[in-house]
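Let us go through this model by question and answer. Each answer ends on the item asked for.

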Amino acid sequence: MKKTPKLSASRALVEDLVAGSRILAMHEVLDAYGHISARCDKRPDRFIMSRSRAPALVTAADLMELDADSEPLPGDKRKGFIERYIHGEIYRTRPHVMAVVHSHSPSVIPFGATRTKLRPIYHMGSFLWSGVPVFEIRKKRENNDLLVRDRPLGQALAESLGGCNCVLMRGHGMTVVGDGVPEAVFRAIYTEMNARLQLQATLLEGPIEFLSEEEGKRSTVSNRGTLERPWELWKTKALGRK
Ligand SMILES: [Zn+2]
């Protein structure tokens, strides 16, 4: 078997990324599609993500190190995800972002395709206080297949995200960022749940009372403080260590 380049990331980060992939598959935020990445903790100009493979099946051996332009290191001939440019261009424009999840999470799709804004309806979705912009790929490329398949499209997506925590992609899915793998996983899971709850609330007598900006900010900080608890639970389940 051909040797692949050794990752410069720590073992802890590698384990978190494998767990993160499986946790997101377990929660059906990812299916055969979608991916998670982390900025490399030893080489911040690079990032780590799986080769093109269903997230539930990802192991440490599937992880690849990608450079700032989202290209594999010399000698690594494995097939990367087409949409790795989403991750690379966000890391380039947002130096404090340490992990990114891109999914085709079903409940968010209506919010990317209509005028209704996705807003924080409960405390687990409080990080959405930042606003949830919608990336319209047609503005960048009229003739497209909806995939962020090169750097210019990745740049345009990163521009749409701006300083927010989540960006929806019209007719496609969403991308969330976090200060580490656990936070990005948490946000991907609760963006999906928030969307589902917001849709349910529209069936009831309105108007819907969303979190205020101040509640959103405060609750985002509180959730950061208790992140270890769900992370330990999810990771234990995903890695089968019960
Ligand atoms: Zn996609």
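Q: How are the donor residues of the zinc ion spaced in sequence?
A: This is a predicted model, where local features need pLDDT of at least 70, side-chain atom pairs count only at pLDDT 80 or more, and totals for chains, interfaces and linings use all residues. Residues are numbered from 1 along each chain as its sequence is written, and side-chain values use heavy atoms, without hydrogens and water. Donors are N, O and S atoms within 2.8 Å of the metal (3.2 Å for Na, K and Ca); water is not among the atoms, so sites may look incomplete. The zinc donors follow the spacing E-x18-H-x1-H-x67-H.

Q: Which residues coordinate the zinc ion?
A: The distances are 2.0 to 2.1 Å.

Q: Is the site of the zinc ion tetrahedral or irregular?
A: Four donors count as tetrahedral if all angles lie between 85 and 135 degrees; four count as square planar and six as octahedral if opposite donors are over 155 degrees apart and all others between 65 and 115; anything else is irregular. Here the angles among the four donor atoms run from 97 to 143°. The site is irregular.

Q: Are Glu83 and His172 buried or exposed?
A: Buried means under 20% relative accessible area, exposed over 50%, partly exposed in between (1.4 Å probe, protein chains only). Glu83 and His172 are both buried.
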